[in-house]
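Trainee: Can we go through this one together? I'd like to start with the surface.
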Amino acid sequence: MRILLTNDDGIHAEGLASLERIARTLSDDVWVVAPEQDQSGYAHSLSISEPLRLRKIGEKHFAVRGTPTDCVIMGVKKILPAAPDLILSGVNSGANIADDVTYSGTVAGAMEGALLGVRSIALSQAYSYLGEDRVVPYETTEALAPALLKKLVAMPLPDGVLLNVNFPNCAPEEVAGTVVTSQGKLVHSLWVDERRDGRGLPYYWLRFGREPVEGKQGTDLYAMRNRLVSVTPLQLDLTAHEIRDQLTKALA
C-alpha cells in the first residue's frame with residue numbers, strides 16, 4: 001500500500017513525524033509532501049496566483065511552498081510514481097471538530113484526496129495548556145491510530161466521502177472508546193484585535209472568542225469532552241438536499 005502524508009502545521013511539525021511513525025505500521029511505502037510553513041486555517045485553498053516551489057528534504061520527503069491542498073495535488077500529480085492508495089493528513093496540533101472543520105487545512109488535505117478519488121483520512125489530537133505552553137499528547141494518537149486505521153482502511157467508502165478522526169486530550173489508557181459521530185456546533189465568533197506597531201500604525205489579528213457548549217451526545221464535541229475517539233464521515237457534496245423541494249416550490 002502506497003501512503004501519502006501531508007498536514008497543515010508544516011513539514012517540521014511534531015505531529016507529522018508522529019503520523020509517519022503511524023503510517024509505517026501499515027506500509028513501508030510512505031511518502032511525505034507537506035507545506036514548507038505553517039498553513040493552519042487556510043482551509044481548502046489553492047495557490048493559483050503564484051508559483052509552487054518544491055524542495056526535496058530527504059528520501060520520499062518533500063516540502064512545498066503552498067497549502068495542504070497544493071501538497072496533495074503535487075504529491076498525486078507530480079511527485080509520487082503512481083497514485084497513492086491512502087492519504088493521511090495530520091496529526092494536527094489541536095482537534096478539528098464542529099465548525100472548525102470548515103477552516104481546517106488538515107481536513108482540507110483529506111478533502112482534496114477524496115476529490116482525487118483516493119481514500120483519505122484526517123487525524124487530529126486535542127491538547128491543553130500548561131501555563132503558556134501547549135501540551136499535545138501525540139502518544140495517544142500514536143498508541144491508538146494504527147489499529148483504528150487498519151479497520152478504517154479495510155471498510156469500503158463511497159466516492160466523495162472522507163473521514164475526520166479526532167483523539168481526546170488524555171493519556172492512551174484513559175480513552176473511553178471510539179465512536180462514530182456527527183459534526184457538532186460551536187458557539188463562537190472571530191474578533192478583530194487592533195494593535196499598533198513601532199511607528200504607531202494599526203495592524204490587526206483575528207482572534208477566536210468562544211462560549212462554552214455542552215455538545216449533544218453523538219457529536220464530535222461530546223466525544224472530545226468524554227474522552228472518546230471521534231470518527232466523523234464527511235462528504236464533498238454540500239447540497240442541502242432536504243430543502244430542494246421547498247426551493248422548487250418557491251421558484252415555481
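Predicted model: local features only at pLDDT ≥ 70, side-chain atom pairs only at ≥ 80, totals over all residues.

Trainee: Okay. Is Y103 buried or exposed, or partly exposed?
Mentor: Y103 has a relative accessible area of 34%, so it counts as partly exposed.

Trainee: Where does Y103 lie?
Mentor: In the loop between β5 (86–93) and α3 (105–115). Y103 also belongs to a nonpolar patch on the surface, with L190, V192, Y204, L206 and F208. Together they have about 620 Å² of accessible area.

Trainee: Which strands supply the nonpolar patch?
Mentor: β11 (187–196) and β12 (202–211) each give at least two residues. The largest share, three residues, comes from β12.

Trainee: Switching to charges. How many salt bridges are there in the whole structure?
Mentor: A search finds eleven. Side chains of opposite charge can pair when their charged atoms come close.

Trainee: What does R207 pair with?
Mentor: With D193, and the closest N and O atoms are 3.9 Å apart.

Trainee: Which residue does R196 bridge to?
Mentor: E194, with the closest N and O atoms 3.0 Å apart. R196 has a relative accessible area of 52%, so it is exposed. E194 is at 43%, so it counts as partly exposed.

Trainee: What about R21, what is its partner?
Mentor: E142, with the closest N and O atoms 2.7 Å apart. That pair links distant parts of the chain: R21 is in helix α1 (residues 14–23), E142 is in helix α4 (residues 138–154), and they are 121 residues apart. R21 is partly exposed at 47% relative accessibility. E142 is partly exposed at 26%.

Trainee: Which residues are linked in a network of salt bridges?
Mentor: R2, D29 and K60.

Trainee: Last topic, helices. How do α2 and α3 cross?
Mentor: The axes of α2 (residues 68–79) and α3 come within 8 Å and cross at roughly 30 degrees.

Trainee: What do we call that arrangement of α2 and α3?
Mentor: Angles under 35 degrees count as roughly parallel. Therefore α2 and α3 are roughly parallel to each other.

Trainee: Is the crossing of α2 and α3 left-handed or right-handed?
Mentor: Right-handed.

Definitions and conventions:
Residues numbered from 1 in each chain as written. Heavy atoms only, no water. Patch = residues over 30% accessible without salt bridge, like charges linked within 9 Å, V, L, I, M, F, W, Y side chains within 5 Å. Areas by Shrake-Rupley, 256 points an atom, 1.4 Å probe, with all protein chains shown as cover. Salt bridge = Lys/Arg side-chain N within 4 Å of Asp/Glu carboxyl O. Helix = DSSP H or I, 4+ residues; strand = E, 2+ residues; numbered from the N terminus. Buried < 20%, exposed > 50% of the residue type's maximum accessible area, 1.4 Å probe, protein only. Axes fitted to C-alpha atoms, helices over the stretch in contact; angles between N-to-C directions. Parallel < 35°, antiparallel > 145°, perpendicular 65-115°, else oblique. Left-handed = near helix turned anticlockwise from the far one by under 90°.
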